[in-house]
Amino acid sequence: MDSGEIPTPQAAAAPRDKDDADPFTKVKSKKTQKRKHDRDAAHMDTEGPAASKRPQFPPISADKLRGSDETRKIAVPAHRYTPLKENWLKIFTPIVENLQLQVRFNLKTRHVEIKTCKDTQDIGSLTKAADFVKAFILGFQVEDALALVRLDELFLETFDVTDVKPLKGDHLSRAIGRVAGKGGKTKFTIENVTKTRIVLADTKVHILGSFQNIKMARTAICNLILGSPPSKVYGNIRVVASRTAERF
């Protein structure tokens, strides 16, 4: 005791403070680590010779792009055999001469078959020809359906009257009558105002025209099916048509 040194309070407290400080270590937040990782990844992507080089592919030749001959088949219902036979030359000529395709009517399967050949230049010609024949089979005149071949922004749309409102019996007949009008007057008015072509086949409604015009005609037909009077529908489509004309 006499020879030993008396420890001071500061010296005794020093190791305790050191032990207390050790267990508490500063932890980096996950957000900081993620931000740093993203920064490093972006830095790695933008640097280096591999990142600056882009793959160069040689142009594909027309023969490889066209590939093998493709065929489209359009079924012909029984009631369209006679019109197809009478107008076959009008259908055959633009498909073969203008689109450079091959076409035939298969008597066994009752299908119109359209096929590409080595003279076919445009890949989209096959789709145009199929839409042209399909439009005629649905009931459109050849002259109206031919617009699908000449213009790119024309489409076909088909819907059922019962899709708009589930009607049966006489109610369904009256709805179809409202769309057609007396002597087809209502249908002709909608066609002239919206610049479309409409075919009523039983409960099916087929519309041929541009996207915007089909939308206007479809809205008018749906309003007639739902029970709106024709005079109100005429006014609405004329207002919409005038606004569209001013816009363009």
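Modeller: One term to begin. Helices here are DSSP runs of H or I with at least four residues, numbered from the N terminus. Also, keep in mind that this is a predicted model.

Biologist: Got it. Which helices each supply at least two residues of the lining of the largest pocket?

Modeller: Three helices do: α12 (185–194), α13 (211–226) and α14 (230–247).

Biologist: What volume does that pocket have?

Modeller: The largest pocket has about 180 Å³.

Biologist: And which lining residues lie nearest its centre?

Modeller: Ten residues line the largest pocket. Nearest its centre lie Lys195, Asn213, Ala241, Thr244 and Ala245.

Biologist: How do the residues of that lining divide into nonpolar, polar and charged?

Modeller: Five are nonpolar, four are polar and one is charged.

Biologist: Back to α12. At what angle do α11 and α12 pack?

Modeller: Helix α11 covers residues 169–180. The angle between α11 and α12 is about 50°, and their axes are 5 Å apart. Angles under 35 degrees count as roughly parallel, and 65 to 115 as roughly perpendicular. So α11 and α12 are oblique to each other.

Biologist: Which residues meet there?

Modeller: From α11, Arg178, Val179 and Ala180 take part. They meet Lys185, Thr186 and Lys187 of α12. This contact of α11 with α12 has two nonpolar residues, one polar and three charged.

Biologist: Sheets next. What is the order of the strands in the one with β4?

Modeller: The order is β4-β6-β5. This is an open sheet of three strands, with antiparallel pairing.

Biologist: Which are the edge strands?

Modeller: β4 (155–160) and β5 (197–201) are the edge strands, and each pairs on one side only. On average, neighbouring strands in this sheet are turned by 15° against each other, direction ignored.

Biologist: How many bridges are there between β4 and β6?

Modeller: Six bridges, in the antiparallel sense. Strand β6 spans residues 204–209. As one example, Val205 in β6 has Phe159 opposite. Then there is α13, which packs on the sheet and touches β4, β5 and β6. The direction of α13 makes about 155° with that of β6.

Biologist: Next sheet. What order do β1, β2 and β3 take?

Modeller: The order is β1-β3-β2, in an open sheet with antiparallel pairing. β1 (71–75) and β2 have a single partner strand each, so one side of each has no neighbour in the sheet. Neighbouring strands here are turned by 20° against each other on average, direction ignored.

Biologist: How many bridges join β1 and β3?

Modeller: Five bridges, again antiparallel. Arg72 stands opposite Ile114 in β3. Helix α6 (residues 88–98) packs on the sheet and touches β2 and β3. The direction of α6 makes about 145° with that of β2. Helix α7 (residues 125–138) packs on the sheet too, touching β1 and β3. The direction of α7 makes about 5° with that of β1.

Biologist: Which residue in β3 is the bridge partner of Thr71?

Modeller: Lys115. Lys115 is also the bridge partner of Gln102.

Biologist: How many bridges join β2 to β3?

Modeller: Five bridges join β2 (residues 102–106) to β3 (residues 111–115), and the two strands run antiparallel. Among the facing residues, Phe105 stands opposite Val112 in β3.

Biologist: Last one. Which residue takes a positive phi in the hairpin of β2 and β3?

Modeller: Arg110, with phi near 60°. That hairpin has four residues between its strands.

Definitions and conventions
Residues are numbered from 1 along each chain as its sequence is written. This is a predicted model: local features need pLDDT of at least 70, side-chain atom pairs count only at pLDDT 80 or more; totals for chains, interfaces and linings use all residues. Side-chain values use heavy atoms; hydrogens and water are left out. On a 1 Å grid over the protein atoms alone, a cavity is a set of points where a 1.4 Å probe fits but cannot get out, and a pocket is an open set with protein on both sides within 12 Å along at least five of seven lines; lining residues have an atom within 4 Å of a point. Grid points are joined across faces, edges and corners, and a volume is the space filled by probe spheres set on the points. Ala, Val, Leu, Ile, Met, Phe, Trp, Tyr, Cys and Pro count as nonpolar, Asp, Glu, Lys and Arg as charged, and the others, Gly among them, as polar. Axes are lines fitted to C-alpha atoms, for helices over the stretch in contact, and angles run from 0 to 180 degrees between N-to-C directions. Angles under 35 degrees count as roughly parallel, over 145 as roughly antiparallel, 65 to 115 as roughly perpendicular and the rest as oblique. Contact means heavy atoms within 4.5 Å. Two strands pair if DSSP finds at least two bridges between them.
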